[in-house]
Amino acid sequence: MKESMGNPLHLKSLNHISLVCRSVEESMNFYQDILGFVPIRRPGSFDFNGAWLFGYGIGIHLLQSEDPESLPKKKEINPKDNHISFQCESMGAVEKKLKEMELEYVRAIVEEGGIDVEQLFFHDPDGFMIEICNCDNLPVVPLAGEMPRSCSRLNLQHMQRQQIQQVVQQ
């Protein structure tokens, strides 16, 4: 196995994803009304139609397709397709809201070591898939050399306390 290089590019965080869309206006409405993103100013020097939104520590940059009809239309929701995932506070509340909004979605459960992770998958207006999950239930366990981590600070603190207790008991 190749040895880990650490952080060779000195990356700090994910900044944004960029999505080409049929209609910037329709996509903006989706990301604002469904996912809670907020529109932000984009550089005025851009000479093409688009919009920037921000939420949950990342940006979404929407770019108007030059040929909207040529964009592929995805109908089937396939959890194995490209997607972006958001953690939520309550899967039940999310599922209830998706039903109220009459958004088609697929539900999945991943079980690992006695931990269940619930997932809901649905498409944006252009067929880009969105996942909503309670993935912070699942610890992030490196393959070698590092301590397990969590997507959630609360779970991480709990895991660290457990590890300290295990060391003390040994």
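Select helix α1, residues 24–33, which lies across β1, β2, β3 and β4 (58–64) and runs at about 160 degrees to β4; helices (H or I, at least four residues) and strands (E, at least two) are DSSP runs numbered from the N terminus, and angles run from 0 to 180 degrees between N-to-C directions, the axes being lines fitted to C-alpha atoms, for helices over the stretch in contact. This is a predicted model, in which local features need pLDDT of at least 70 and side-chain atom pairs count only at pLDDT 80 or more, while totals for chains, interfaces and linings use all residues. Residues are numbered from 1 along each chain as its sequence is written, and side-chain values use heavy atoms, with hydrogens and water left out.

Next, select the four strands of the open sheet, whose order is β1-β4-β3-β2 and whose pairing is mixed; two strands pair if DSSP finds at least two bridges between them. At the edges are β1 (16–21) and β2 (38–40), each of which pairs on one side only. From one strand to the next, the twist averages 30 degrees. Zoom in on β2 and β3 (residues 50–55), which pair in the antiparallel sense over three bridges, and find Val38 opposite Phe54 in β3.

Finally, display the cysteines. The structure holds one disulfide, a term that here means a pair of cysteine sulfur atoms within 2.5 Å. Cys133 and Cys135 form this disulfide, with their sulfur atoms 2.2 Å apart, and the torsion about their S-S bond is about -130 degrees, so the disulfide is left-handed. Cys133 is buried, at a relative accessible area of 0%. Cys88, by contrast, is in no disulfide, and the nearest cysteine sulfur, that of Cys133, is 7.1 Å away; at 19% relative accessibility, Cys88 counts as buried. Cys21 is likewise buried, with a relative accessible area of 1%.

Terms used. Contact = heavy atoms within 4.5 Å. Buried < 20%, exposed > 50% of the residue type's maximum accessible area, 1.4 Å probe, protein only.
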